Amino acid sequence: MDRAELSITLHRTGDEVVLRLAGEIDMLTAAQLSTVVNEALADPPPRIVLDMGGVTFCDSQGLGTLVVLSRKASHAQSLLVLSNVGDFLLRVLDITGLRSALMIKNETAP
């Protein structure tokens, strides 16, 4: 069985930090995501964008982590935005009622 992997690429521009995520957000990788976002919040930018275009899976631990990170960003006067969220994840967010708890900005809506 392959171990779940998550790769995170950080790109900082003037007023935002963009984290490109690829792989799975689950109980094995959620702490890695938290660490990177918490490091970005050490000197909080106005916006942190999580580019979810490469995310292939997100379990309940991953969903919970996204909500917690969104709240942490808010407390740090920063805005956590999810972009390029796939249909599967949008559906999970709708089913769980978490869509309203997260800021989602997809560039191109189908």
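This is a predicted model: local features need pLDDT of at least 70, side-chain atom pairs count only at pLDDT 80 or more; totals for chains, interfaces and linings use all residues.

Residues are numbered from 1 along each chain as its sequence is written, and side-chain values use heavy atoms, with hydrogens and water left out.

**Strands and their pairing**

- Helices (H or I, at least four residues) and strands (E, at least two) are DSSP runs, numbered from the N terminus, and two strands pair if DSSP finds at least two bridges between them.
- Strand β2 (residues 16-25) runs parallel to β3, with nine bridges joining them; R20 has D51 in β3 as its bridge partner.
- On to the next pair: β3 (residues 47-58) and β4 are parallel and share five bridges.
- Within that pairing, I48 is opposite L80 in β4, and D51 is opposite S83 in β4.
- β4 also runs parallel to strand β5 (residues 103-104), through two bridges, and L82 faces I104 in β5.
- Strand β4 (residues 79-83) is largely enclosed by the rest of the structure, because four of its five residues are buried (under 20% relative accessible area with a 1.4 Å probe, protein chains only; exposed is over 50%, and partly exposed is in between).

**Crossovers**

- A crossover is right-handed if, with the strands pointing away from the viewer, the path from the first strand over the helix to the second runs clockwise.
- β3, helix α2 (residues 60-75) and β4 form a right-handed β-α-β unit.
- β4, helix α3 (residues 87-96) and β5 form a right-handed β-α-β unit as well.

**A loop residue to look at**

- D26 sits in the loop between β2 and α1 and is buried, at 7% relative accessible area.
- A polar atom of the D26 side chain lies 2.9 Å from the backbone nitrogen of L28.

**The nonpolar core**

- The largest nonpolar core holds 27 residues, and L21, L33, I48, L50 and M52 have the most contacts inside it.
- Two or more residues of this core come from each of β2, α1, β3, α2, β4 and α3.
- Such a core is a set of buried Ala, Val, Leu, Ile, Met, Phe, Trp, Tyr and Cys residues joined through side-chain atoms within 4.5 Å.
- In soluble globular proteins, nonpolar side chains tend to be buried together.
- Apart from neighbours within four places in sequence, L21 is in contact (heavy atoms within 4.5 Å) with residues including L6, I8, L33, L50 and M52.

**Helix α2**

- From first C-alpha to last, the 16 residues of α2 reach 23 Å, close to the 22 Å expected at 1.5 Å a residue; the expected span is 1.5 Å times one less than the number of residues.
- Among the buried residues of α2 are L63, L66, V67 and L69, and the cover over its buried residues includes β2, α1, β3, β4 and α3.
- At the N-terminal end, D59 caps α2, with a side-chain oxygen 3.0 Å from the backbone nitrogen of Q61.
- After α2 comes Q77, which has a positive phi near 65°.

Notes:
A polar contact is a pair of N or O atoms within 3.5 Å; within protein, one must be able to donate a hydrogen and the other to accept it, and residues adjacent in sequence count only if both atoms are side-chain atoms.
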